[in-house]
Amino acid sequence: MKLYLARHARAVEAEAEQGRPLSEEGRRQARTVARRLADRGVAVARIYHSPKLRAAQTARILGRCMEPAPVVMEADGLLPGDDPELWAARLGCMGCDVMLVGHLPHLGALAAFLAGGALAGAPWPEAAVLCLHREGRRRWRALWTVTADERG
């Protein structure tokens, strides 16, 4: 099973608008990453995103690059301060590739928890996607990262 952890793309400033949608730059970041994921042949059955608007918008843009189109849906447990063990337990019961779109510090904590602390403190730019592979029941290994800033 592969897991894709995606940080939402850049949102408008907090004072600018209620709900913090993606900025124009954020939409560009998400489209760039979506193309890079498509080039890698990434496809998932489901994309789960946090209730925050910027995560939902990022998830929809990323999902458009995939064939067949995944189900994109809101899920709990993906907010910045949520406990990473909640999703670690859920993932243990899943057998298909999925993507989670959320926020820091939650995504970083989840990645570190799954990979046994190996990813603790790793940088995580806006719109970046980390691919992890499950090796065995609870052991995960990071395979690669895609960002909007890569050249190519």
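The following questions and answers cover pockets, a helix pair and backbone geometry in a predicted model.

Residues are numbered from 1 along each chain as its sequence is written, and side-chain values use heavy atoms, without hydrogens or water. Because the model is predicted, local features need pLDDT of at least 70 and side-chain atom pairs count only at pLDDT 80 or more, while totals for chains, interfaces and linings use all residues.

Reader: What volume does the largest pocket have?
Author: A pocket is an open set of points on a 1 Å grid over the protein atoms alone, where a 1.4 Å probe fits, with protein on both sides within 12 Å along at least five of seven lines. Grid points are joined across faces, edges and corners, and a volume is the space filled by probe spheres set on the points. For the largest pocket the volume is about 220 Å³.

Reader: Which helix supplies the largest share of the lining of the largest pocket?
Author: Lining residues have an atom within 4 Å of a point, and here they include Glu85, Phe113, Arg137 and Trp140. Helices are DSSP runs of H or I with at least four residues, and strands are runs of E with at least two, numbered from the N terminus. Both α3 (84-92) and α4 (106-114) supply at least two lining residues. The largest share, 5 residues, comes from α3.

Reader: How many residues of the lining of the second largest pocket are charged?
Author: The classes are nonpolar (Ala, Val, Leu, Ile, Met, Phe, Trp, Tyr, Cys and Pro), charged (Asp, Glu, Lys and Arg) and polar (the others, Gly among them). This pocket holds about 170 Å³ and is lined by 13 residues, with Leu119, Ala122, Pro123, Trp124 and Leu130 nearest its centre. Its lining has 10 nonpolar residues, 3 polar and no charged.

Reader: Which loop holds Pro105?
Author: The peptide bond from Leu104 to Pro105 is cis, with omega near 5 degrees. Most peptide bonds are trans. Pro105 is in the loop between β4 (98-102) and α4.

Reader: What is the phi of Arg20?
Author: Arg20 sits in the loop between β1 (2-7) and α1 (24-39). Although Arg20 is not a glycine, its phi is positive, at about 50 degrees.
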